Each structure stands twice: as C-alpha cells, then as structure tokens.
Amino acid sequence: LANYDSGFATGVAFGYDYANGWRSELDFEYRTNEYSEVRLPTQSNTTLKGGDFSSAILYLTGTYQFSIKEWSVKPFVGLGIGWIQEIDFDVSGNVPERSFSDSGDFAYRVTAGVEKSLSERWNLQLQVAHVTASGLKLQEEGGSGNLSGADYSVWSADLGLVFKF
C-alpha cells in the first residue's frame, strides 16, 4: 500500500480512425509518482519512507467513439494491452538508496472520456484511465534482492490534444 505525493505523466499516440466509430492507436506513456511511504506486506510489515515509482509502457488500444448529434462532445471508451518497457521502484528515505525494476511483462488499460472539436484538424480530449499489471517481479538493480508478486494499479485523469492528418 502506497501513499503518493505528486506525479507526472506524458505520452504520444498515433492511430487510425476507421470512420465508423472505431479507431486503433499505438500509445507510449511515461509516468512517475513520488511517494511518502510504502508498506510492504512482509512478516515485519516494513515501511519505506520516500522514493518514486515510474513506468514506461507501449500500448495497442482499440477505442469506440459514440456520435450523439445533440452533444457538442463525443464520448469514447477504450481497451488496450501494453508491453512494459520498464517499471522502476526507487527507495531512498529511511534506508540506503535502492532501485528495483522489471520489463517485458504485460499491462492492461481501460479508458473513458470525451473529445471536443476545436477546428477541422484539432480536438481536445479529456479521459480517465486505469492501468493494471499483476504479479510483477522487480529485480534489484546492482544487487540480488527482488520484490515478487508486485501489482501495479494506477488511475489517472488525462488531458490531450489530437491532431488529424
């Protein structure tokens, strides 16, 4: 269980609109969050003070956009499968600095949001996303330790600009 202080996320996506409500996208997303404490489920209930948790994930996403003529925004839902390029957990606070990471696993993402046309080529998009990956085994970088069975579950509110070619 972690208590997060602040975070940052950025990403880029390229996709194809099939003009029937469906579109597919290839998305890359990097996010990082600082935490004030993490309690590890060990026999001693270890609490780690201060550090950060970050991820870089490449997704293949399918999205359906609803077209409701009376609405000035277009709602959408999406589902994606992601390849984890890296998940990194850094510990600093009350213990010697250590870093753990994993890569090559799969993550899943569910999105829902709205898109509003700003011009013929530009749209503004607001979405809520949930990313999850389970059973990760983060290896200590430069050491022999690991964090086994880690789950990664993140909710976010994202604001983006869409350019249509």
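Strands here are DSSP runs of E with at least two residues, numbered from the N terminus. Before going further, note that this is a predicted model, in which local features need pLDDT of at least 70 and side-chain atom pairs count only at pLDDT 80 or more, while totals for chains, interfaces and linings use all residues. Residues are numbered from 1 along each chain as its sequence is written, and side-chain values use heavy atoms, leaving out hydrogens and water.

Strand 7 and strand 8 run antiparallel, joined by 15 bridges; two strands pair if DSSP finds at least two bridges between them. Follow Trp 122 across and you reach its bridge partner in strand 8, Phe 163.

Strand 7 also pairs with strand 6 (residues 106–117), again antiparallel, through ten bridges. These two form a hairpin with four residues between them, and Val 114 has Leu 126 of strand 7 as its bridge partner. Strand 5 (residues 98–102) is antiparallel to strand 7 as well, with two bridges, and here Ser 101 stands opposite Gln 139.

Now look at Ile 84. Beyond its neighbours within four places in sequence, its contacts (heavy atoms within 4.5 Å) include Ile 57, Phe 106 and Leu 136.
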